[in-house]
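Me: I have a structure here and some labels I want to understand. Can we go through them one at a time?

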Amino acid sequence: MVGMALACSLANNPLTRKLSVAIIDRNPALSNGICINEDDPPDQRVSTITPTSISFLKDIGAWKYVEKHRHAFFSKMQVWDHVGGGFTRYNARDVNSEVLGCVAENKVLLNSLLLSLQDSDFQRTNILSRLSSMFLPSAAKSLESGVSAKASSDANSQLAKLELDNGSSLFAKLVVGADGGKSLVRELAGFKTTGWPYKQSAIICTVEHKEENECAWQRFLPGGPIALLPVGDNFSNIVWTMSPEDYSAHKAMDDGDFVKAVNQALDYGYGPHPPSSTRARDILKWLRADVNSTNESFEVPPRVTKLVSERLAFPLSLMHSERYAAKRVVLVGDAAHTVHPLAGQGVNMGFQDAFALSRVISEGIALGTDIGEASLLAKYEADRKPANILMAAVLDGFQKAYSVDLGPLNVLRSAAFYGAQYITPLKRNIISYASGQPILPLLF
């Protein structure tokens, strides 16, 4: 999705829409489109889109197509843990906004980006193939996973050469790696990474309620957080992080037992409901302002009545590329960074990468600069790398802080929940940062 978002951004900019772009991907949907049946339950692969990302998708002409399909805005969110010591409720009106975010199926987002591209006269070629080897002119030798690649003429000697597994090859001024966390482009470019596995897996699935869910819910459990996200109609998406052992047990459950486990995890399971503390409210009243969510009480999420999709799972890890760019090559999205899904920030970080890279390419064209020059691409890296490292650090800190069930730490977590609930400046800062605004988080 991030690579397609970049293509749409380039197609909607007068300075970049004349670029000739090749999209290399084995997904036939890039050429044939995606069939979306509104009568089917929502797909379990969804993304939570922040207000900043919504604005970006509107600017590149994709959001109008998202609106034609099932999606779910939410203006409220509740976060708590299994200890029952505290909770935090967020409301979009706390920051004078209408929504905190929107949940949409990934296939709807991808299809909307494809339709936006079709609306333009952008010169693009869809190649249903896979990268095999890559030669970068700045390297002393070919970086490859197959056939040796060597520039064939003086005219192309300063370009990147790509060889594909269908036997064809092409030259490019700039190669954009938007090929996910196991990026082959990153590997062939020789970019090293840092990070670690979380020894956790996330189960994702679609569930149904008797009534519509209009709030995003997240509870931190001993094995990891469980999130219940609205996806439209009476459906919600489950993202449940747990240990590999717990995953095996929950994967083996029949649908009825799994639904019981979900309802237990979102209600009284693992611990009590947190109280609405009037004492904490009184102690922190000097830092309070008249905002909506400060006076809201804890609520129990809507009960799940049915599992309506297959349960999928994927292992979780933190990964960050030590470099984002070199001459003729640049990384965006999961190819440059992967983070824990507990705040749903991964795709939003990628969309911000796409926006920033599109802007840098546009500036380069305006100045007559080669778009593959390392000095130009360094501006993109300088913009996005610090922001992505900060977000990754915040999410990693969250994951570690809520993975330990220890008395003193539980007390600190409860205090943090109440602080975020009743200290208005802190609450507003958290909402703004999570919404994609370029500010420093005060505290999580």
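Me: Where is Arg323 found?
Reply: This is a predicted model. In it, Arg323 sits in the loop between strand 18 (312-321) and strand 19 (325-326).

Me: Why is Arg323 called partly exposed?
Reply: Its relative accessibility is 42%. Buried needs under 20%, and exposed needs over 50%. The value for Arg323 falls in between, so Arg323 counts as partly exposed.

Me: Which residues is Arg323 in contact with, leaving aside neighbours within four places in sequence?
Reply: Phe191, Lys192, Leu331, Glu381 and Lys385. Ala189 is 134 residues from Arg323 in sequence, and their C-alpha atoms are 9.8 Å apart in space.

Me: What makes Arg323 and Ala325 a polar contact?
Reply: A polar atom of the Arg323 side chain lies 3.4 Å from the backbone oxygen of Ala325. The cut-off is within 3.5 Å. The pair therefore meets the distance limit.

Me: Where is Asn388, and is Asn388 buried or exposed?
Reply: Asn388 is in helix 11 (residues 374-401). Its relative accessibility is 1%. Buried means under 20%, so Asn388 counts as buried.

Me: What does Asn388 touch, not counting residues up to four places away in sequence?
Reply: His320, Tyr324, His337, Met349 and Asp353. Met349 and Asp353 belong to helix 10, and they are among the residues that meet helix 11.

Me: How do you know how helix 10 and helix 11 run relative to each other?
Reply: Look at the crossing angle. The axes of helix 10 (residues 346-366) and helix 11 cross at roughly 160° and come within 9 Å. Angles over 145 degrees count as roughly antiparallel. Helix 10 and helix 11 are therefore roughly antiparallel to each other. Their crossing is right-handed.

Me: Which residues meet between helix 10 and helix 11?
Reply: On the helix 10 side they include Ala356, Leu357, Val360 and Gly364. On the helix 11 side they include Leu376, Leu377, Tyr380 and Met391.

Me: What makes helix 1 and helix 5 parallel or antiparallel?
Reply: Again, the angle decides. Helix 1 (residues 2-11) and helix 5 (residues 106-119) pack at about 25°, with their axes 9 Å apart. Under 35 degrees counts as roughly parallel. Helix 1 and helix 5 are therefore roughly parallel to each other. Helix 1 passes helix 5 in a left-handed crossing. Met4, Ala5, Ala7, Cys8 and Ala11 in helix 1 meet residues of helix 5, including Leu110 and Leu114.

Me: Why does Phe258 count as buried?
Reply: Phe258, in helix 8, has 0% relative accessibility. The cut-off is under 20%, so Phe258 counts as buried. Beyond four places in sequence, its contacts include Ile203, Trp240, His250 and Leu307.

Me: Is Lys199 buried or exposed, and how do you know?
Reply: Lys199 lies in strand 13 (residues 193-208). Its relative accessible area is 69%. Over 50% means exposed, so Lys199 is exposed.

Me: What is phi of Lys199, and what is phi of Tyr270?
Reply: Phi is near 55° for Lys199 and near 75° for Tyr270. Each is a positive value in a residue other than glycine. Most residues other than glycine have a negative phi.

Me: How confident is the predictor in the chain?
Reply: The mean pLDDT is 89, and 90% of the residues reach 70 or more. Over residues 139-152, however, pLDDT stays under 50. Where pLDDT is low, the predicted coordinates should not be read in detail.

Methods:
Residues are numbered from 1 along each chain as its sequence is written. This is a predicted model: local features need pLDDT of at least 70, side-chain atom pairs count only at pLDDT 80 or more; totals for chains, interfaces and linings use all residues. Side-chain values use heavy atoms; hydrogens and water are left out. Helices (H or I, at least four residues) and strands (E, at least two) are DSSP runs, numbered from the N terminus. Buried means under 20% relative accessible area, exposed over 50%, partly exposed in between (1.4 Å probe, protein chains only). Contact means heavy atoms within 4.5 Å. A polar contact is a pair of N or O atoms within 3.5 Å; within protein, one must be able to donate a hydrogen and the other to accept it, and residues adjacent in sequence count only if both atoms are side-chain atoms. pLDDT is the predictor's confidence in each residue, from 0 to 100. Axes are lines fitted to C-alpha atoms, for helices over the stretch in contact, and angles run from 0 to 180 degrees between N-to-C directions. Angles under 35 degrees count as roughly parallel, over 145 as roughly antiparallel, 65 to 115 as roughly perpendicular and the rest as oblique. A crossing is left-handed if the near helix is turned anticlockwise from the far one by less than a right angle, and right-handed if clockwise.
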